[in-house]
Amino acid sequence: QVQVVESGGGLVQPGGSLRLSCAASGSISNIYGMGWYRQAPGNQREFVAAISTGGSTTYKDSVKGRFTISRDNAKNTVYLQMNSLKPEDTAVYYCKARITTVQATLSNDYWGQGTQVTVSS
């Protein structure tokens, strides 16, 4: 079994910062791309940022220059540093990791349970 667990959400004022973490654990053989998504009330889940095994990154246009995704392959962990937060960043943030388990030959996407980020004064 594989577990993907996010942490680091909370309440922050506009202009503030938060750092999200996502750790994968369990019967893992390989972890490929990792990424962050978010879902605000009444909206569909949307892509925020992703990082490849080699460190290549992509971002949603509205977070470029404010958010930074990084990963520690030794810890099977991905981070999302969020600066200059805006009220429209308020959402539940989900981590996704593409993982091959030791029992399988094909990779699958594993999602975390989500962590709430609220930006409000």
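Predicted model: local features only at pLDDT ≥ 70, side-chain atom pairs only at ≥ 80, totals over all residues.
Let's start with the aromatic rings. Searching the whole structure turns up two aromatic pairs. One of them joins Y37 and F47 edge-to-face, with 5.7 Å from centre to centre and 75 degrees between the planes. Y37 belongs to strand 4 (residues 28–39) and F47 to strand 5 (residues 46–51), so this pair ties together parts that sit ten residues apart in sequence. How much of each residue is accessible? Y37 has a relative accessible area of 18%, and because buried means under 20%, Y37 counts as buried. F47, at 27% relative accessibility, is partly exposed. W111 joins in too: ring pairs link Y37, F47 and W111 into a cluster.

Rings also meet charges here. In the two cases below, the charged end of an arginine sits over a tyrosine ring.

| Charged residue | Ring | Distance to ring centre |
|---|---|---|
| R19 | Y79 | 4.0 Å |
| R45 | Y94 | 3.7 Å |

Now for the sulfur atoms. A disulfide is a covalent bond between the sulfur atoms of two cysteines. How many does a search of the whole structure find? It finds one disulfide, formed by C22 and C95, with their sulfur atoms 2.1 Å apart. This pair links distant parts of the chain: C22 is in strand 3 (residues 18–26) and C95 in strand 9 (residues 91–101), 73 residues apart. The link of C22 and C95 is left-handed, with -80 degrees about the S-S bond.

Technical notes: Residues numbered from 1 in each chain as written. Heavy atoms only, no water. Phe/Tyr/Trp six-rings, centres within 6.5 Å; stacked < 30°, edge-to-face > 60°. Helix = DSSP H or I, 4+ residues; strand = E, 2+ residues; numbered from the N terminus. Buried < 20%, exposed > 50% of the residue type's maximum accessible area, 1.4 Å probe, protein only. Lys NZ or Arg CZ within 6 Å of the ring centre and 35° of its normal. Disulfide = S-S within 2.5 Å.
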